[in-house]
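Have a look at the structure, then read on.

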Amino acid sequence: MTDRGSTSDKVITRAWWILIITTIVVGVLGLFLMYVLTGQIEAEDPIVERFTPTDVFVQPDAEWNTSILEPRSPESREIRKLSWLVFAIAVGIFVVVEGLLVYAIIRYRRRKGDPEDTREPVQLYGSNPVEIAWTVIPIIIVLVLCLATIRTIQTVQPTKGERPENALTVEVIGHRWWWEFRYPELNVVTANELFIPVERPIWLEITSADVIHSFWVPELQGKMDAIPAHTNYWKMTAEEEGTYLGQCAEYCGNQHANMLIRVEVLDADGFGAWAQQQALPAVVVDTEEVNLGREVFMKYACQNCHAIAGLCDGTYAPDLTHLMSRVTFAGGMIPNTEANLKAWIDDPQQIKPGCDMPALKLSTKEIEQVVAYLVTLK
Amino acid sequence: MTVLPKPTSASLPATPHGILERVHDWVTTCDHKKLGLLYIFSGLFFFLIGGIEAGIMRWQLAQPANDVVGPVTFNQMFTMHGTTMVFLVGMPVLLGFGNYLIPLMIGTRDMAFPRLNAWGFWMFLFGGLLLYFSFIGSSGLFGTQGAPDVGWFAYAPLTSRTFNRGNNVDYWILGILVSGFGSMATGINLVVTILCLRCKGMTLMRMPIMVWSMLVTGFLVMIALPVLTAAQVMLLFDRFLGSHFFNPQLDGSALLWQHLFWFFGHPEVYILIIPAFGFISEIVPVFSRKVIFGYTMMVIALVWIAFQSMSVWAHHMFAVGLDPSLNAFFAASTFLIAIPTGIKVFNWLGTIWGGRLSFHTPMLYALGFIGMFVIGGLTGIMLATVPFDWDVSDSYFVVGHFHYVLFGGTIFAIFGAVFYWFPKMTGRMLSETLGKWQFWILLIGMNLTFGPMHISGILGMPRRIYTYAPDRGLDIWNLLSSVGYLVQFIAILIFGWNVIHSLLKGRKAGPDPWDAWTLEWATTSPPSDWNFNPLPSVKSRRPLWDAKHPEDPDYEYE
Amino acid sequence: MTQAMTNQTEPHALAPEEHHLSKGKVGMSCLIITESFFFMAFIVAYLYYVVILQVEDGGPNPRELFYADWMVYGASICLFASSATVVFAANALARGQHDKFRSWLFITVVLGGLFIAATAVEWTDMIGNKGIWMNTCTFGTCYFSLVGFHAFHVCFGLTALTLCLVLSFLGKMPTFQAERFEVLSWYWHFVDTIWIFVFTTVYILRVYT
């Protein structure tokens, strides 16, 4: 007769011991993490901060840093705290489950020359207490996760009416494949490069002109989709001056990979000066070559899509009024230099295949003239 | 008394002679075994194609600023890879195993509707071929402009006429629509077969877990697929009749597509994993020499997962700006679904616990499945945390997550099932040595490919980008992923060789090579035309245990 | 364990005697579940756009669009009545009363035909006189797809019922087909039931628009 086992069997007793020990370990770990989450959030130097091994994930020579583990705003800091909590819980469960699996594989493997080999092992149909235990423990963990998640959602996600008093409003409009930033309070329009003041809440009103995009600057905030005919509200507050990078995170067609975002965080004075300069109409330089270039710009299709304040007002393509104040162009894809501008105007499809700007088949002379004009747009 | 027929080869079908007769035999067959094999074989064929598409992507991404393929080709590759793997590999292979095994496991002679079964298969196959016809129809012929390039979930309004002027999206819609009809037919067929054709004595609670999982999958197919069909029909109306469903410029809603698609999409994920749970629940007990632990809880967990899978869809949409309370609801619902999933994993551990494990290839895959699926499940729980999802949704972290679930989970389970049931289907054993090599190489390869993806996601790499700048710290992780792809490819080659070699020269299997307990092992390998003669009758969940241990049958304990 | 089995004579006998669930009925129930989820998507779209959002896209107000109330109500009564007559027909067939079966089935087909005719009148009016089609407004989009798919299902059911009628006249509808006919009548009931939802969504809820 094959042994059918029962809860008093030694196999199940061993399982019990392991479960009890695991529960205690996981419980203590959980309590510790709850303590971290509840007690330490307001602290100057939270525990999670000290134990965050982010250096592992960042190559020191990386010029682009888009790691979600390097938060530079209170919002992304909140998110990271929660991320570490769930990560810790996941690691805990991982260690327990995979540990049990490996243990069972080694302990219960069939051995050569086992005298027991002729008989089937104990046929154990189940055990109610054990099964209740491994249902209830996950429920407790899930409860903790739920509460923590809901709390962080409430802290981070704003609703339409929750615009902070002192916030700076920026309308973020996704286009295929570049970003438009409008500052309605400052009368400024720019593309791909978002200038914001440090330590002032930024109120983002995110929408799209064509398909769905997603605005994502990992160091400053989680991502938020840009949806046509629909506005999403999002806020972030940069803590340090500097440059932050991001890109479109929702597949939007051909050049989805080259729809980059550059956020320049300036001090209050620097930002004020920048905004003042950007609100001015385009600089008018009166030299022969520049005038010829301007004529070329107006003669061909350029003005249908592009806007230059005081000259033309296309809205389909980036505003060029202060083109030369930007470091990059073509959706943040290439550095904004004279040589690149020439190559771009000659044939945009060579550089960014599929983009909406056509090659206008200008002569070399016309290209030189129009670039000579464009570089005056400081 | 349990009654089992004696496996005899007397009733083996007469093999038709001549190539034409054989082809005719396979094309016109309504036999669930042949259709099951056709499903599995076509699925594995598409698996090869989908794998090559993945290889092109990994080649392009192996280095920063690479130019192996352009953006258009790359976008087509990930669209076709995703669509193929979900609709033309996962579903047909799993439903194919269901087709082959369910009538055998419940002790009957065929599916409830054999002709519907054949219809379902051919709809699936020609739907898939229609989708792939878009490749050939490029360069203006029929105006397709190449394969679809909108991603496997084809978000509106990227799929509208405005942003997709050719017919490639139409190929995507129609191919999936047609193969979807086939899947629905097969889903209904499975449910009816299981509910109506069980052999004498096989009550619902005596069915093998695999049968339960197919029953639940059938229901999910019935519920999820029509919603996708409806959404695709709306999209067709939008594209051809100018209706306004998903056109935001004309007061339609871009989000309605996402709600409908993911109402299908999340149950779909469970359609892809629940049959895998079934395979594992058959393999683990046999190679542990133990009865499945907590049968009732396993069944409850399956049904629980199926119901709950219909209330978690918006966790794919945390970044679209839903109301905070909705976000919280869907997060909670998603966390909750982890509980039945956990119950299943623990019950497999409980089955192994105290057993006498022998590590044949099917068992290796089953254990690999448990190990890898746990990782995918845990990153899934992390992703359910809404704020963390704002950080990493649509990044490579997500790609890593679902490949652990669908490759480490579903594909591992499929390989386990192939090694386990190959002897039954062909009468010959697959080579154990090659199988073990394949397992270890695949295990290393998949971790090398999909592990680093979590890190590139955390470093801010969005999914579906065809290129990335060299100075972002992403180089090494992408290179590792690409190397991992090559390692996996070697494993797949070994598998191909193993199958061909074993079909011709493999060791003869006999009716019951694994000393197993479910009904399919009570008939010949391969089973005769009508499976059982006479039909069996059972008194417990393990009829073959009762037969092998007449002095100590199961039904005295259940 | 080696005791011989009872069911040795007929290899084609698929249904073991122990289970009394009919394949046809279970299969039809499954099909009905599947179809219900298909319709659900269109009902959700209609509710979302026309009843909840009530988008102002220059389209007309659904309140004033329909041809005539009496026709819609009449058509609905026809359809609901046909659900009863099809039951009478099925019962008659099961009892072997073929003349009675043919009469009830004929009435069913006529009632279903009246329903389709009413839909046709309404569509002609909507498209021809009022100039509304799928591409004119979100109401048109939702209305034509939802009502259209329902009408399509009615047509499908009507075709099947007519086929049974023709077969019966040809003497090819013996009593042992009663169960199959009953399964078909379930489909007809389903088409009716869906109409309750469509009717509520499209015609009753219009008072809120």
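Which residues in α4(C) meet which residues in α5(C)?

## The helix pair in chain C

On the α4(C) side, the list runs Tyr143(C), Leu146(C), Val147(C), His150(C), His153(C), Val154(C), Gly157(C), Ala160(C), Leu161(C) and Cys164(C). They meet Phe181(C), Leu184(C), Tyr187(C), Trp188(C), Val191(C), Ile194(C), Trp195(C), Val198(C) and Val202(C) in α5(C). Sorted by class, the residues of this contact come out as 16 nonpolar, 3 polar and no charged. Keep in mind that the model is predicted.

As for geometry, a pair of packed helices is described by the angle between the axes and the distance between them. Here α4 (residues 138-169) and α5 (residues 178-204) of chain C have axes that come within 10 Å and cross at roughly 160 degrees. Angles over 145 degrees count as roughly antiparallel, so that is the label for α4(C) relative to α5(C). Their crossing is left-handed.

## A helix pair in chain B

Over in chain B, helix α10 (residues 361-384) packs against helix α12 (residues 396-426) at an angle of about 160 degrees, and the axes are 8 Å apart. α10(B) and α12(B) are therefore roughly antiparallel. The crossing of α10(B) past α12(B) is left-handed. This contact holds 16 nonpolar and 9 polar residues, with no charged ones.

## A covered strand in chain A

Now for a strand: is β4 (residues 193-197) of chain A mostly covered or open? Mostly covered, with 5 of its 5 residues buried. In a regular strand, side chains alternate between the two faces of the sheet. On one side of β4(A) sit Glu193(A), Phe195(A) and Pro197(A), on the other Leu194(A) and Ile196(A), and all of them are buried.

The strand β4(A) pairs with β10 (residues 260-266) of chain A in the parallel sense, over 5 bridges. Within this pairing, Phe195(A) stands opposite Glu264(A) of β10(A).

## Where the chains meet

There are 2 pairs of chains in contact, and chains A and B share the most contacts. Chains A and C don't touch, their nearest C-alpha atoms being 12 Å apart.

The contact between A and B takes 81 residues from chain A and 80 residues from chain B. On the chain A side, α1 (10-39), α3 (74-107), α4 (128-156) and β7 (224-226) each supply at least two residues. The largest share, 15 residues, comes from α3(A). By class, that side of chain A splits into 47 nonpolar, 22 polar and 12 charged residues.

Methods
Residues numbered from 1 in each chain as written. Chains lettered and ligands numbered in written order. Predicted model: local features only at pLDDT ≥ 70, side-chain atom pairs only at ≥ 80, totals over all residues. Contact = placed C-beta atoms within 7 Å. Helix = DSSP H or I, 4+ residues; strand = E, 2+ residues; numbered from the N terminus. Nonpolar A, V, L, I, M, F, W, Y, C, P; charged D, E, K, R; others polar. Axes fitted to C-alpha atoms, helices over the stretch in contact; angles between N-to-C directions. Parallel < 35°, antiparallel > 145°, perpendicular 65-115°, else oblique. Left-handed = near helix turned anticlockwise from the far one by under 90°. Buried ≥ 20, exposed ≤ 12 C-beta atoms within 10 Å, placed from the backbone. Pairing = 2+ DSSP bridges.
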